[in-house]
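Subject: Structure for your files

Hello,

Here is the structure I said I would send. My notes on it follow below.

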Amino acid sequence: MIDKKILEGHNLTEKEFERIVELIGKEPNITELGIFSLMWSEHCSYKSSKAHLIKLPTSGKHVIQGPGENAGIIDIGDGLAAVFKIESHNHPSYIEPYQGAATGVGGILRDIFTMGARPIALLDSLRFGSLSLPKNRAITEGVISGIAGYGNCMGVPTVGGEVYFNPCYSLNPLVNVFCLGICEKDAIFYAKAEGEGNPVLYVGSKTGRDGIHGATMASAEFGEDLERKRPNVQVGDPFKEKLLLEACLEVMNKDLIVGIQDMGAAGLTCSTTEMASKSNAGIEIDLDLVPKREEGMTPYEIMLSESQERMLLVAKKDKVKDVQDIFAKWDLDAVIIGQVTVDERLKVKFEGEIVVDIPVKAVVDLCPVYNREIKIPTYLNSANQLEIVPLPEDLNQTFLRLLSSPAIADKQWIYRQYDHMVQINTVLLPGADASVLRIKNKKMALAITLDGNSLYTYLDPRTGGKVAVAEACRNLACVGARPVGVTNCLNFGNPEKPEIMWQFKEALEGISEACQVFEIPVTGGNVSFYNDTEGESIYPSPVLGVVGLVPNIDKTVSPGFKNEGDLIFLIGKNQDELGGSEYLKFIWDMERGLPPQINLEEEKKAHGLCLEAIDLGLLCSAHDASEGGLAVCLAECVFLEENKIGCEIRLEEQIHEDALLFGESQSRIVVTVKPEDQEDFIKLAQNRNVQVSYIGITGGRDLVIYHHDKKIIDLPILDAFKVWKQAIPNIFKVE
Amino acid sequence: MVFPGSNCDQDTYHVCKDVLEQECFYLWHKDHDLKNADCVILPGGFSYGDYLRSGAIAKFSPLMQELQDFAQKGGLVLGICNGFQVLLELGLLPGAMLRNKNLKFLCDHVYIKIENTQTPFSNRGERNHLLSIPIAHFDGNYYAPPETIEGIKRNEQIVYSYADVEGRITEEANVNGSIENIAGLTNEKRNVLGMMPHPERASESLLGSEDGRIIFESIILSLKQA
């Protein structure tokens, strides 16, 4: 008998239970209930977000696959396709940072190679609590080691990402993992279960009791019983996954299978029902045939296990032997556990008896969709008020302090732990505006960036959403890449709270508007709700992963100053804005005001100029101004080349000097141009009607900034560099 | 040679085949045939996941018997990163690897200095010349007992050592803590080289350095001369 307590334990409401009974025409047994609870969880069903997600633009002439599959696919020309997606693994990473992050990497890699693509790059977007607390340092170190441990072993380079720190993530860190793969356009595989009687094969690791209820866990708030949830976290085996990757690609290459799906969240349950549902077919499996690593597992446990490194595939009837031979070569088992049927039902046998018999459509497609209540949060009334802060007496010292903020400081301590060069495609290393990967023997290259500023989104979700897209596209423009597709990871609190739902709706509409302006389709992603612990929600944290195409790899540009005597131009305008800035947060401990405003049309024009100037070979460097404003942007231009060339800057705007230096006005790019190219560059800007101003010249061993005739910044490069370089290693130094 | 878990096999193949335009092919660890190769390269990666000691399981691969014979007869064997670790486990090179001194995986560009040009893996280089080349490993902290180190030095088996940008062999430049800053080492007969840095990652200007080509070009030269 299913009672109230059991329903609660499965995160299902009584209404939802009634719907299940109606749909399947009987009261479900416990295994069937378990299956519904997983597939109808927020994590798998998107029941709270669906009503809003439809606002995103998802089509475009280069889209091969939009949302709904394991990953999105974009045609990049030359017969190739880019396959990419972002996923969150937030909840497991708090409970067990190393394994939580590691299995997050494992999961996103499977999403990519399941489609027939070889993964060529990983990036991650991380959010942790303040590093002044030892616990947060431990979580941070654990997550970084977990990402490194899995990605390095797999031989997929971790080429970039972003990391921010805020107390709101202390009890709920965010670990969003992005993967990009490439494949031949005509060799893509889908999660299909077609052809009556075709065998269903189980490949990869054996099934254990790990991860049971992982997806349901990710769909509820955390209380004080965290320790008890530890068994819900899966354990990763990257070596096994590497074998699985090579074996699957080999099988696909030889055209032996009909369809394939990885067993990620919701394991065997999700893979069987989704494959069947997508093909309007059914699946019949026998759990006695499933390879198990533990004794006495019940059908409930086998169906709900989230053991890692497993795949389900449907082979062509006469090719089973060939498939099994290839897996045997890689020391992997490929076991027939069932077959494709036509009755659109999932039938599961265990010890000779049918233990599950339910219609797959009910499980996959008929979950209720909620249009949840929304309400403007009251915190905004005070948070948006910004009193003027006094101008610091010593701007040099303030600048140095800002360079030591973990959000701004050099991240090499982190990315040095990731193999970011394996596969030898990494042209721009981590630290650049976007990561650039060549495609061997092709002229074009791919660029990727992850962006999202959750403080902006907290202060104004709609602007935060727009800025995330705009900044990502700006980062791409700085390396000479045009955006071709977006994947997003939307990390929010409990959607049953109307204020959270309002943040979600606003941010999503902002993202949607920006994607329309930049004409980039959203090809999928992930929604992670219930990022709350003990009643406290995280800041609304959308993360945008944007993939761009560099038409000619030889023309890509990096952020650092290249030569002495180059002219420095600013594309865009400095404005009197300080709200939501890292400067206010780090120096004044204020997370207030309105975030910098953004005009998407102006933004797009700035990108257009930058891209054409790069195409014409007019730029020596390009770097966008973001956290820490113009001053930090200039410092990075100096630091990011080995020979570290200084600069002398003159700014003329009549605005407050703190805003001038550290304000985070949008749509700004600092570029350098050789003196002989300046006329061409200025003419180009005029033709495109984009504001550019000459702000200074590169050279010397100091970073000097004048406001009118007053020197407001004057720092020896090496002093500033040391502060920026050492800040994060110092935090993690073992005493 | 490809082991389960190798992940720099395709990179090395690309450089040998597409960049240096040499004939090359993969050897599968389960086979018993070196297919008349002139030089065998053991690539980087995580053979068998490196769950035990790095390289400890790969040494039991079926093809190892043939590799041992090949090396005994003077055939050229290059082990890069995990390949170096495998060669140590096999006993084709002396010593062992410890965890990096900072106990973290390290991926970075470093400088290595050419200590000995009288080997098939460095004859295109100049003594004391610096190469800019990437490393990426967890267990690259080379160790051997003092008497072994003495022998290694006496026989001039150290081919590459970690140096700073000025070419000084300093503790700071010694990224992983290796004894004598050892980055690359041959056997006594000088036909087997193990090195932690990845020459295949520094063989194309687009990737920032072409210094790694010296290692491959040296091999090509010595094969031509033979």
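Two strands count as paired if DSSP finds at least two bridges between them. The model is a predicted one, and on that criterion strand β4 (residues 118-128) of chain A pairs with β5(A) in the parallel sense, over 7 bridges.

β4(A) and β5(A) belong to an open sheet of 6 strands with mixed pairing, in the order β1-β2-β3-β6-β4-β5 (chain A). Its edges are β1 (63-65) and β5 (158-165) of chain A, each of which pairs on one side only. On average, neighbouring strands of this sheet are turned by 20 degrees against each other, with direction ignored. Helix α7 (residues 97-113) of chain A packs on the sheet and touches β3 (80-88), β4 and β6 (174-184) of chain A. The direction of α7(A) makes about 25 degrees with that of β6(A).

A helix pair in chain A

Two packed helices are described by the angle between their axes and the distance between the axes. For helix α22 (residues 600-615) and helix α25 (residues 678-687) of chain A, the angle is about 145 degrees and the axes are 10 Å apart. Their crossing is right-handed. On the α22(A) side the contact is made by A:Leu609, A:Glu612 and A:Ala613, which meet A:Phe681, A:Leu684 and A:Ala685 in α25(A). By class, these residues divide into 5 nonpolar, no polar and 1 charged.

Chain B

Chain B has 5 helices and 9 strands. From the N terminus on, they run α-β-α-β-α-β-β-β-β-α-β-β-β-α. The radius of gyration of chain B is 16 Å, close to the 17 Å that the globule rule gives for 226 residues, so chain B is as compact as a globular protein of that length. The C-alpha trace of chain B spans about 45 × 35 × 35 Å along its principal axes. Of its 226 residues, 54% count as buried. Among contacts in chain B with a separation of 6 or more, 74% are between residues 24 or more positions apart.

Where the chains meet

Regards

Technical notes: Residues numbered from 1 in each chain as written. Chains lettered and ligands numbered in written order. Predicted model: local features only at pLDDT ≥ 70, side-chain atom pairs only at ≥ 80, totals over all residues. Helix = DSSP H or I, 4+ residues; strand = E, 2+ residues; numbered from the N terminus. Rg over C-alpha atoms; globule rule 2.2 N^0.38 Å. Buried ≥ 20, exposed ≤ 12 C-beta atoms within 10 Å, placed from the backbone. Contact = placed C-beta atoms within 7 Å. Axes fitted to C-alpha atoms, helices over the stretch in contact; angles between N-to-C directions. Left-handed = near helix turned anticlockwise from the far one by under 90°. Nonpolar A, V, L, I, M, F, W, Y, C, P; charged D, E, K, R; others polar.
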